[in-house]
Amino acid sequence: MANSIQVGACYWLTGLPGSGKTTLAQAFHHRLRSAGYEACMLDADVLREGINRDLGFSPEDRSENVRRISEVACLFAQEGFIAVVSCIAPYQADRQRARQRFPEGRYFEVFVDASVEVCTARDPKGLYRKARQGTVLQVTGVSAPYERPEHPDIALATGELSVDACVEALLGHHGKRVAWLRGAGRGTGGDDSISFPG
């Protein structure tokens, strides 16, 4: 491994459909791997094709979707990986429960902040168009609620910032975490006693 400082953690990217979560998660994950860190990416859409394919989009199923993803991310973090999660996770209570699965300072909520207007203009999957047509129900931000994070660890205004600028912000946060770990004299491993103040 190129880096001697590797402590498991989770960066959870939450936001409306079309806000840029997956794009940023992919780019951040790529940069972490390129720098020599052990990182994995968990994309909610991909997981819905596998371990979460039995779930729909009711409030209960959305909560279970977040719970399962948080459990998988926690397992990776326990093994020393940096888990980069791309998942809407529309409810504050579910995101808080996900945070509680991790030791303090190991879970970082990233609010990918773009307005409904910006997301509708992008509409990469055609969800907003289908919601207007009534052909798709339970679209977050239109016919299903999204509770904005009250105190995210990182907020990225993707309606204003470029992908590169957002990724640099994420890397900057991670760089501070690594510097703190070096100052604490920590190295590789998954010691749950290690925490980062945020």
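Colleague: What is the phi of G80, the residue that comes after α3?
Modeller: This is a predicted model, in which local features need pLDDT of at least 70, side-chain atom pairs count only at pLDDT 80 or more, and totals for chains, interfaces and linings use all residues. Residues are numbered from 1 along each chain as its sequence is written, and side-chain values use heavy atoms, leaving out hydrogens and water. Helices (H or I, at least four residues) and strands (E, at least two) are DSSP runs numbered from the N terminus. G80 follows α3 with a positive phi, near 95 degrees.

Colleague: How far apart are the end C-alpha atoms of helix α3?
Modeller: Helix α3 takes in residues 59-78, 20 residues in all. The expected span is 1.5 Å times one less than the number of residues, so α3 should span 28 Å. The model agrees with this, its end C-alpha atoms being apart by 29 Å.

Colleague: Which elements are included in the cover over the buried residues of α3?
Modeller: Buried means under 20% relative accessible area, exposed over 50% and partly exposed in between, with a 1.4 Å probe and protein chains only. The buried residues of α3 include R62, V66, I69, A73 and A77. An α-helix has 3.6 residues a turn, so residues three or four places apart point the same way. The cover over the buried residues of α3 includes β1 (9-14), β2 (39-43), α2 (44-47), β3 (82-86) and α4 (92-100).

Colleague: Is R53 buried or exposed?
Modeller: R53 sits in the loop between α2 and α3. Apart from neighbours within four places in sequence, R53 is in contact (heavy atoms within 4.5 Å) with L47 and R48. Its relative accessibility is 66%, so R53 counts as exposed.

Colleague: Which strands stand at the edges of the sheet?
Modeller: The open sheet has 5 strands in the order β2-β3-β1-β4-β5, with parallel pairing (at least two DSSP bridges between two strands). Two of its strands each have a single partner, so one side of each is left without a neighbour in the sheet. These edge strands are β2 and β5 (154-157).

Colleague: Which residue of β3 stands opposite A9?
Modeller: β1 and β3 pair in the parallel sense over 5 bridges. In β3, the residue opposite A9 is I82.

Colleague: What percentage of the residues in the protein is buried?
Modeller: The protein comes to 7 helices and 5 strands. Its chain has 198 residues, and the buried share is 45%.
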